[in-house]
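Here's a model to talk through together.

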Amino acid sequence: MPLVRVPATTANLGPGFDTLGMALDLYDELLIEAAPALEITVTGEGEATIPRGPENIAYRAALAVFARAGRPAVNLKIAMYNSIPVARGLGSSAAALAGGLVGANALLGEPLSQDELVNLAADLEGHPDNVAPAILGGLVVAARDGDKVYCRRLEPPAGLITVVAIPQFTLSTRVSRGVLPARVALSDAVFNLSRVGLLLAAVQAGDLELMGKMMEDKLHQPYRLPLVPGMNEVFGAAREAGALAVALSGSGPSVIAFCRGRKPEVGPAMAAAFARHGVACTVKELAPCRHGARVI
Ligand SMILES: Nc1ncnc2c1ncn2[C@@H]1O[C@H](COP(=O)(O)OP(=O)(O)O)[C@@H](O)[C@H]1O
Ligand SMILES: N[C@@H](CCOP(=O)(O)O)C(=O)O
């Protein structure tokens, strides 16, 4: 009966829309076993809202593993213990998919490779940037080539600590993607391309200053601004309080600040800025997580 622990993720890391993501030390746990009938329980985050029927995405992910491995589908009992807030841009859906995939794979004796699991997850989620770090841990860069996702895991730079301001209101990724344009200006694409390249070079060199400078974005955050009241002010407050960089976490509404070591002033400054716009939030200090979803 595998118990899987899956990290939260912060996708995009500023300019790396649908491309970059990093695992964080906040976890969902999922217990999975064969059972006489489908039974799904949820404890913690999402207890009141997460579907318990066959539409549950962790269950669908588990069934996808059975199908890909050529094994007959069975009824499953899945018990989830969630700490990742739902629909806040911290990868709750990616964690549910990764948990279902890794759990089912363990149940079957690991017929699928990690690469196959990342590909299945990206197909189910629609983009690879949150599911890849949820499975691989660390900081992941991913690219889709037709049906296949290629990705590489990098070690997050030493000394990096994030501070995440998590609004009480939810914003689904579907809605937050709905405001994005189908086409962007070439100058904006170049702005992001150049930053992603240097951001990755900075990560590999452990250069937090350069990493912080390369986290601006023109491809998704400006369009999402109306969905997150006070977003720009929260960005400004975090920088003034000493953060190296600030970004929308995933598709929002959480805002994530990247800091050199612990910076106790950053969280309260972000919360105060949100409060000035009538948004209540909780603040979490989260370190990057080196491990992806795994049986514990
Ligand atoms: N543990 C879980 N099991 C099943 N579904 C989940 C789980 N956690 C989140 N979800 C589903 O994922 C959706 C939220 O995903 P999404 O909008 O992408 O936001 P997030 O940024 O949190 O991933 C919700 O519909 C929710 O029901
Ligand atoms: N690149 C995606 C990332 C969504 O991540 P999530 O954690 O909010 O589901 C996007 O920006 O839409």
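Q: Which residues in helix α10 (residues 266-276) are buried?
A: V266, G267, A269, M270, A271, A273 and F274 are the buried ones. Buried means that 20 or more other C-beta atoms lie within 10 Å of the residue's own, exposed means 12 or fewer, and partly exposed is in between, with C-beta atoms placed from the backbone. Helices (H or I, at least four residues) and strands (E, at least two) are DSSP runs, numbered from the N terminus.

Q: Where does this model come from, and how are its residues, chains and ligands labelled?
A: It's a predicted model, where local features need pLDDT of at least 70, side-chain atom pairs count only at pLDDT 80 or more, and totals for chains, interfaces and linings use all residues. Residues are numbered from 1 along each chain as its sequence is written, while chains are lettered from A and ligands numbered from 1 in the order in which they are written.

Q: What is the mean pLDDT of the protein?
A: The mean is 98, and 100% of the residues reach 70 or more; pLDDT is the predictor's confidence in each residue, from 0 to 100. As for the other scores, ipTM is 0.99 and pTM is 0.98.

Q: What do the buried residues of α10 pack against?
A: They pack against β7 (160-167), α9 (231-240), β9 (255-260) and β10 (281-286). Contact here means that the C-beta atoms of two residues, placed from the backbone, lie within 7 Å. Just after α10, G278 has a positive phi of about 75 degrees.

Q: Why is G91 called buried?
A: G91 has 33 other C-beta atoms within 10 Å, so it counts as buried. G91 sits in the loop between β4 and α2. Leaving aside neighbours within four places in sequence, G91 is in contact with A8, T9, A11, I84, N130, A134 and G250.

Q: Why does A94 count as buried?
A: Because A94 has 35 C-beta neighbours inside 10 Å, it goes in the buried class. A94 is in helix α2, and not counting residues up to four places away in sequence, A94 touches T9, E125, N130, V131 and A134.

Q: What does UniProt list for "binding site"?
A: The unreviewed entry lists P85, V86, A87, R88, G89, L90, G91, S92, S93, A94 and A95. A word of care: UniProt positions are given in the numbering used here, feature names are shortened, and annotations may be inferred rather than shown by experiment.

Q: Why does A201 count as partly exposed?
A: A201 has 13 C-beta neighbours inside 10 Å, so it's called partly exposed. You'll find A201 in helix α6 (residues 186-205).

Q: How is the protein divided into domains?
A: There are domain 1 (3-154) and domain 2 (160-286), with bounds from an automatic or database domain assignment. Their centres, taken over C-alpha atoms, are 24 Å apart. As for touching, 25 residues of domain 1 are in contact with 30 residues of domain 2. On the domain 1 side of that contact, β1 (3-11), β2 (20-34) and β5 (139-145) each supply at least two residues, and β2 has the largest share, four residues.

Q: Why does the shell around ligand 2 lie between the domains?
A: Both domain 1 (3-154) and domain 2 (160-286) give residues to that shell, so it lies between them. There are 17 residues around ligand 2, and A11, G89, G91, G250 and S251 come nearest; being near means a C-beta atom, placed from the backbone, within 6 Å of the molecule or strand. Helix α5 (residues 173-178) gives the most, with three residues.

Q: What makes up the shell around ligand 1 by class?
A: That shell has nine nonpolar, 12 polar and two charged residues. Ala, Val, Leu, Ile, Met, Phe, Trp, Tyr, Cys and Pro count as nonpolar, Asp, Glu, Lys and Arg as charged, and the others, Gly among them, as polar. Of the 23 residues around ligand 1, S92, S93, A96, S172 and T173 come nearest. The largest share of the ligand 1 shell, four residues, is from α2.
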